[in-house]
Amino acid sequence: MTTNKKILVVKRQPPYYGTSARESIDAVLVSAAYDQAISVVFTDDGVFQLLPHQKPSVGTNNIQKALDGLELYDITHIYAVSEALSARNIDPESLNISLKLISREEYANLLNHQDVVLSF
Amino acid sequence: MRYTIIVLGAPYASNSPWSALNFANAVLTNGHEIYRLFFFSEAVHTANALSSPPRNELDINAAWQTFIKTHNLDSVVCIASALRRGVMNKSEAQRHEKDAFNLLDGHDLSGLGQLIEASISSDKVITFGH
């Protein structure tokens, strides 16, 4: 694929509620495999995916494993919206993957600079 | 302009497939092109051939099928999403040793690569969420 587009995947759903959290990561990984300039933002209830020490019930795949795939695929442009974290009382120092915190305003700016936004 | 339309919500659980169809109609009516339709996550139920709503209700699956066939559109149903939700074509049914198959004619099962390729090849990508 010769065209290189800026693709942003927005993660807004909590983990373990349906398949959104896992399936959206698949979309991120495929974008990377197609050599696109991929970024990921966690916002709204999507920030619950970032909680450390998750212990889902037997038979449920831990979202942490899927999130670790982001690092494996060299995906570095990962963000979380600060207001979404604070609204849910989540300590930004204790997240399970390394990412950059952005304000709501910076998020709006990020959206404006994308070619494609895929919201899950 | 060239559009790709992504649908995530299921018929009856969400208005997503219905909104997306109205939008898709408007895209063509206004002289634009639809490059691909991509049914992902719960929206794969839009491609279930066995859906049989009562006669006085909108048959959204049939409406999408008519739209796709009338305009000769490329409609892709995500195979991973479809298999886990029990929507499959004949060859997948055989592969998984199931007694039946139900993929609605007009749709093709394929991978997420089709979604990314469409996103790259289109001017606008619109997602209709859950």
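Predicted model: local features only at pLDDT ≥ 70, side-chain atom pairs only at ≥ 80, totals over all residues.
Visitor: Which residues of helix 1 of chain A are the buried ones?
Guide: Among them are A:Ala21, A:Ile25, A:Val28 and A:Leu29. A:Glu23 is on the list as well, and A:Ser20, A:Ser24 and A:Ser31 are too.

Visitor: And what do the buried residues of helix 1 of chain A pack against?
Guide: Within chain A, they pack against strand 1 (6-11), strand 2 (37-42) and helix 2 (63-72). Chain B joins in with helix 3 (79-85) and helix 5 (113-121).

Visitor: How do you know how far helix 1 of chain A reaches, and what is expected of it?
Guide: Helix 1 of chain A covers residues 20-33, which is 14 residues. From its first C-alpha to its last it reaches 20 Å, close to the 20 Å expected at 1.5 Å a residue. After helix 1 comes A:Asp35, with a positive phi near 65°.

Visitor: Let's step back to whole chains. How many helices and strands does chain A have?
Guide: Chain A has four helices and five strands. From the N terminus, they run β-α-β-α-β-α-β-α-β.

Visitor: How do you know whether the radius of gyration of chain A agrees with a compact globule?
Guide: Put the two values side by side. A compact globule of 120 residues would have a radius of gyration near 14 Å, and chain A has 14 Å, so the two agree. The C-alpha atoms of chain A fill a box of roughly 45 × 35 × 20 Å along the principal axes. As for burial, 46% of the 120 residues in chain A are buried.

Visitor: What about chain B: how many helices and strands are there?
Guide: Chain B has five helices and five strands, in the pattern β-α-β-α-β-α-α-β-α-β. Its radius of gyration is 14 Å, close to the 14 Å from the globule rule for 130 residues, so chain B is as compact as a globular protein of that length. Buried residues make up 48% of those 130 residues.

Visitor: What share of the contacts joins residues at least 24 apart in chain A?
Guide: Take contacts between residues at least 6 apart in sequence: in chain A, 76% of them join residues at least 24 apart. In chain B that share is 78%.

Visitor: Last one: how far apart are the centres of the positive and negative side chains in chain A?
Guide: In chain A, 10 positive and 14 negative side chains have centres 4 Å apart. Chain B has 10 positive and 12 negative side chains, with centres 2 Å apart.

Methods
Residues numbered from 1 in each chain as written. Chains lettered and ligands numbered in written order. Heavy atoms only, no water. Helix = DSSP H or I, 4+ residues; strand = E, 2+ residues; numbered from the N terminus. Rg over C-alpha atoms; globule rule 2.2 N^0.38 Å. Buried < 20%, exposed > 50% of the residue type's maximum accessible area, 1.4 Å probe, protein only. Contact = heavy atoms within 4.5 Å. Lys, Arg positive; Asp, Glu negative; His and termini not counted. Charge placed at Lys NZ, Arg CZ, Asp CG, Glu CD. Expected span 1.5 Å × (residues − 1).
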